[in-house]
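Subject: Structure handover

Hi,

Here is the structure I promised to pass on. Please have a look at it first; my notes follow below.

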Amino acid sequence: MILIDLNGKWQMKRTDEEQWIDAVVPGSVYNDLLRAGKMKDPFFRDNEYEIRDLCKFDYEYKRTFQVEAEDLNNDRIVLLCEGLDTLCQVFINGKSVLKAENMHRTYEVDIKNSIAAGENDIHVVISSPIEYALEKDKEQYLCSCADAVPGISHIRKAHCMFGWDWGPQLPDMGIWRNISIQCHNTARIDDIYISQILSQDRVELDIRLRTHNWSNSGTDILITIEAPDGEIIQEKAPVEAAEQHITMGISNPRLWWPNNYGEQPLYRLKVSLMNCGEIIDEKLMRIGIRTISLKRQEDKWGESFEFVVNGKSIFSMGGDYIPEDNLLARCSRERSEKLIKSCVEANFNTIRVWGGGYYPDDYFYDLCDEYGIIIWQDHLYACGVYDFSEEFRENITHETRDNMKRLRHHASMGLWCGNNELEYAWAYWGWGERFGQKLQNDYLKQFEEYLPELAKEMDPNTSYLIASPTSKGGFDDPNNENFGDIHYWDVWHGRKPITEYRTLYPRFMSEFGLQSFPCLKTVETFTLPEDRNIFSYVMESHQKNGTGNEKILYYISEHFKYPKDFDSLLYTSQLIQAEGLRYGVEHWRRNRGRCMGAIYWQLNDCWPVASWASLDYFGRWKAAHYAARRFFAPVMVSALEEDTKVSLHVSNETLNKFEGKLIWGLRDKTSSVIKHGELAVEMDALSTGEVVDLEFGEVLTSQQKKRETYLEFGLIADGKEISRGTVLFVKSKHFALLKPEISTEVYEEAGKFIIDVSSKAFARFVELDLTDADGIFSDNIFDISGTDIKKVELNKENLSRELTLEEVRNKLRVRSLYDTFE
Ligand code: BMA
């Protein structure tokens, strides 16, 4: 029970300076310096480098708090720090009460004898994480991400804060989560773990309780469950042992499903510990009634790798998540909700929380519970070597227990995973020779023995994966496509063409992708006009992947004409990223059964930068995010083209049989129809298949013809088009595009604006945008034929600010591929 909330107003300063400034807790050094006007915007131009150096100093925070004489009568009084970033020493009334060294841990220390009635003070001194990492690196070299400050494997702090191939080196520090003084009397609840035994029309909840009673007084436990419809069931029992189980049953429970498979009903659970009729401790949580497991079973290709939810094998679709801001103090529930909504709107059912960041806040998982996003949660080890010493083991044991305990009850929690790319690096990057047997054995001890054991202890109901990627463990070809998940980087890092994706049949693709630049509006936030050239110092400072800009140009050159100006280059870079992801995902969805997941790298950015993200730092949808909405559509039509042959496939990722109609038309560059067809389509629930095989050899008789002909196709259900696509028979850059002369008509309906887009000829990758406002359109970066009117909706709630019809008309800008070279 909270006695004193220590969040709020504090004071802070650099330890070698005199003047204290106002600070906010939870928060951070950068956040406070920014608020006080003592620091430049770290994301503007190349400010990063100067701001990074502020983390070479130590800082201190202080405040006072009042304690009433009667407060001291509480049995137990503890200081609870839910997040200290990272190397902190905490003093109360001048006495050191805590030394912390792990930002991921929750620290709790007894302070009953350190406080007194009246005014008390708390003082937190934070040492430089950069100096520490560099010092440790000199003592023992442990490899880590080449784009980060060296030595980060020695410190339990979100690795990517020190830099990554998409992130700045800004390892901010501070009291980053809640801090409070709590008191306990008689007894407390230590731990609650819920197991669900789900049968046809009933669920039995086995609630394991651990309580700690240090008094002679007896206690009772009262459990209250509130169903989504408000119905309440209760169970009361005397506490008879430090660990005891209480079983409660729910008949006809409403099942929780991931997005696009069903609803997300949640049950509220309240566990109250009572003494003499009074509540002395209480825990609240929300759960979903469901089963989720990762099925790995031998089959004709190797071993399956698929998430099974409530008995149904699903095709996982989503992206890899990184921290939402390099300055963690700027993260919030509102921002995460905007992000998760964008995921749901793009038909995600899964997010992988990548291991180079931190375990997000409770609200992040609450949102995933509410919106139906399954979480694949990496433990926090990425791309580095770790020395599994006694001390390290002790430290990460607390870290792992704290976080698994905090997060395991969430409906969305689908998988725990040991690390990001460590087995991969040991197996393929010659780490064995570089770092020797001892550290290699350490890897096995930590990731194949210790953490899996700990997971079994902490959360036996959730599946566990030793690493991502992995096949069978033990450094045995971890990226083998027939076993486990894979990270595929030959496209992009290996510069292979995007068509290479179609040669792969992974059981589960958990990382793949291409970079793009953010849009001009975002670039303008960190540049001056003279910086707006991708090879300028500032633009290169916002590209952390060494040869990234060169690769973007390379992939553009493969598919598109040379962009005429800077803005066209930004837009074209997004097209190649969108096309690459589409190309891969459509293929893997056509191979549903063998492949059961496509999670692309990466969902979001932590600052404005050129990166693999589909949402930029401000949450703006890049072309890839609009493409994701289409290639992750629950029912999707896609084309498998080979020279003049095209087979059309339907992938149905819903629990219902699909019945609808497929229409197609072969058209010339003016959009005149050469041939067309239509057929009824049926596709079983959770299945995929070819629905028609078309051959256009008699039309596409010359290269010239191929350059002037395209195929468009659409899938119709209940009179509405639900999925569509286009096939060109040559690369986009070689297609004889005509000037499309696109026009738009905008009108207003309840809650939304409608934009009718039409064109005089075939237009490719039509982009709608608003000047000085943002909106999420129902579709964007689409192709249209010269005869079509495409209706695009712009929901008012998806606007960054309120706009009138007139304003939308004035601010609407349209362009297409043609405008990038003409
Ligand atoms: C993957 C990730 C990240 C990295 C990305 C792009 O391996 O795990 O470490 O940012 O590739 O290079």
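The centres of domain 1 and domain 5, taken over C-alpha atoms, are 47 Å apart. Domain bounds here come from an automatic or database domain assignment. That assignment gives domain 1 (2-183), domain 2 (188-287), domain 3 (322-631), domain 4 (634-736) and domain 5 (738-822).

A word on the source. This is a predicted model, where local features need pLDDT of at least 70 and side-chain atom pairs count only at pLDDT 80 or more, while totals for chains, interfaces and linings use all residues. Residues are numbered from 1 along each chain as its sequence is written, and side-chain values use heavy atoms, with hydrogens and water left out.

**Whole chain**

The C-alpha trace spans about 90 × 65 × 60 Å along its principal axes. The radius of gyration, taken over C-alpha atoms, is compared with a globule rule of 2.2 Å times the number of residues to the power 0.38. For 822 residues, a compact globule would come out near 28 Å; the chain has 28 Å, so the two agree. Of the 822 residues, 61% count as buried (buried is under 20% relative accessible area, exposed over 50%, partly exposed in between; 1.4 Å probe, protein chains only).

The chain has 15 helices and 44 strands. These are DSSP runs, numbered from the N terminus: helices are H or I with at least four residues, strands E with at least two.

Three strands form an open antiparallel sheet, in the order β31-β32-β35. Strands pair if DSSP finds at least two bridges between them. β31 (635-642) and β35 (687-695) are the edges; each has a single partner strand, so one side of each lacks a neighbour in the sheet. The twist averages 20° from one strand to the next. Eight bridges join β32 (residues 645-652) to β35. Asn652 has Ser687 in β35 as its bridge partner.

Helix α12 (residues 566-590) lies across β31, β32 and β35, at about 105° to β31. Axes are lines fitted to C-alpha atoms, for helices over the stretch in contact; angles run from 0 to 180 degrees between N-to-C directions.

**Ser732**

Where is Ser732 placed? Ser732 is in the loop between β37 (720-728) and β38 (743-749). Its relative accessible area is 10%, so Ser732 is buried. Not counting residues up to four places away in sequence, Ser732 touches His559, Phe560, Arg764, Phe765 and Leu817 (contact means heavy atoms within 4.5 Å).

Best wishes
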